[in-house]
Amino acid sequence: MATLKPIDLSGLNDERLASSVRAQIAEACEKNGFFQVINHGVAVELLDKLKEVGTKFFDLPRDEKLVYAGKPVIGAEGYGSRMVLTDAEPKFWREFVELHTLPLSERHYNYWPQQPAEFRETVEKYTAALLDLAHRLLAVISENLGLRPTYLKEALGET
């Protein structure tokens, strides 16, 4: 079994390395259909903050979390919890918050926790950072296919 070698995206900012990084992405797309990236530009501080606000939310009393409970249907948003079963035997209890972050028109802020106070702002910043990363990767993939850099972004409905 082959190991997945991460692709260092910091090389995209260096003229001497950019073509090699683009080639690595092209090869990964052709051979595997997926790849892992490092040095992607999403600030570690932002990732740490996201973990922090998530932990603070899940540390709240259950009554406070239930204010954001979603309805139990496919595509539901909000806070929830359930027992995960394996072969009809309880395996573990899981708590979660499912939020639609993109497109912006699909955000339902009534399901977004207001505690901790910085939850919403942090998730919005994280989403923006991931969207920027996705757009950068789509540009490279578009160019690797001989298309203009914005082709896939536009084809996916992003402007």
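Analyst: Start with exposure: a residue is buried under 20% relative accessible area, exposed over 50%, and partly exposed in between (1.4 Å probe, protein chains only). The model is predicted, so local features need pLDDT of at least 70 and side-chain atom pairs count only at pLDDT 80 or more, while totals for chains, interfaces and linings use all residues. Residues are numbered from 1 along each chain as its sequence is written, and side-chain values use heavy atoms, with hydrogens and water left out.

A salt bridge here is a side-chain nitrogen of Lys or Arg within 4 Å of a carboxyl oxygen of Asp or Glu. The structure holds 13 of them.

Take Lys49 and Glu118. Their side chains form a salt bridge at 3.5 Å, N to O. Lys49 lies in helix α2 (44–58) and Glu118 in the loop between β4 (89–98) and α4 (119–144), so the pair ties together parts 69 residues apart in sequence. Helices (H or I, at least four residues) and strands (E, at least two) are DSSP runs, numbered from the N terminus. Lys49 is partly exposed at 27%. Glu118 is partly exposed too, at 22%. This pair belongs to a salt-bridge network that links Lys49, Glu52, Lys56 and Glu118.

Now helix α4. Glu124 and Arg120 pair at 3.4 Å, N to O. They are four residues apart in α4, so about one helical turn separates them. Glu124 is partly exposed at 25%, and Arg120 at 38%.

Glu121 and Lys125 also form a salt bridge, at 3.1 Å, N to O. Both lie in α4, four residues apart, about one turn. Glu121 is partly exposed at 43%, and Lys125 at 46%.
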